[in-house]
Amino acid sequence: MPDFLPYAYFQGQIVPFAEAKISIATHALHYGTAAFGGLRGIPDPQNPDQILLFRLDRHCQRLSQSARLLCFDLPADRIEQVIVELIQKNRPTNSFYIRPLVYTSDLGISPRLHNIEKDFFVYGLELGDYLSPEGVSCRISSWARQEDRSLPLRGKISGAYITSSLAKTEAVQAGYDEAILMNSQGKVSEASGMNIFIVRNGILITPGFDQDILEGITRDSILTLARDLGIPTQERPIDKSELLIADEVFLSGTAAKITPVRQIEQYLMPANRPITEQLRQKLAAITENRDPDYPHWVKVVRFN
């Protein structure tokens, strides 16, 4: 069992985590009519009386946009207010992850988004490394990433993650750590819950939004950092064969941060990863509020 933070935000108030419960008839439970977010926080290494959150504003903005896809008007500033208050109540002492979720909270059996009650809750849990920082092995999944014409992939819609779950389990049961999904055109899309990058000839390359990827916030951060560091970047389609001969491959996400890929199927990736390591060290410095160039990316939450 994860170490959940003691308090959650549920039905409009902060309550003990154990008391935040929904009915078995909840609409979202049956139809995946929900959208979620996720962000990391750490105790400030320089000040134990405050917490550092990475790009809180962008996470709240994306969740608000995801809610809009579910016909739910939930302002980003309201989400941010709740998250800050919840963190102040919990006073976490270790690295943690916050999970907000918007959902159709009505009790019913008709799949729809109109004329139905909606709500949102927030909880947290302690979280260290989601994947090994030393690198992971990946399998090319037999499951394909969905298309935006069938699911609104620019939102983190919970129902879409059945594909991620199938791909992840398939990979793990075959002896790998992670899955890489191709899209319906046979191009590289993303991992089970992470964006993917490759490096070739000193150029950082990642699939563009037209490849049915999630608009990852860590992905956006990495592209910004790379450009600021003078690393050439490209957002374009990636073939499977190009993936296998890349100089470096890594996954990115809120939970995964920057995780190197050391093997894809039977192909071993190069162990020397200079661009991956440069970006990883830069991102770590920013999240710990040690980088003077990106203070606007870090929200400082002070305990009352």
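What is the volume of the largest pocket? The largest pocket has a volume of about 690 Å³, where a pocket is an open set of points on a 1 Å grid over the protein atoms alone at which a 1.4 Å probe fits, with protein on both sides within 12 Å along at least five of seven lines, and a volume is the space filled by probe spheres set on points joined across faces, edges and corners. This is a predicted model, in which local features need pLDDT of at least 70 and side-chain atom pairs count only at pLDDT 80 or more, while totals for chains, interfaces and linings use all residues. Residues are numbered from 1 along each chain as its sequence is written, and side-chain values use heavy atoms, with hydrogens and water left out.

**The largest pocket**
- Its lining (residues with an atom within 4 Å of a point) is made of 28 residues, and Phe36, Arg99, Tyr130, Tyr161 and Gly193 lie nearest the centre.
- Two or more lining residues come from each of strands S6 (96-104), S7 (118-126) and S14 (248-253) and helices H4 (161-173) and H5 (217-228); helices (H or I, at least four residues) and strands (E, at least two) are DSSP runs, numbered from the N terminus.
- H4 gives the most to this lining, with four residues.

**The second largest pocket**
- The second largest pocket has a volume of about 450 Å³, and of the 25 residues that line it, Arg40, Lys257, Leu283, Ala284 and Thr287 are the closest to its centre.
- Strands S4 (39-44), S5 (47-54) and S15 (257-264) and helix H7 (274-287) each supply at least two lining residues, and H7 gives the most, with four.
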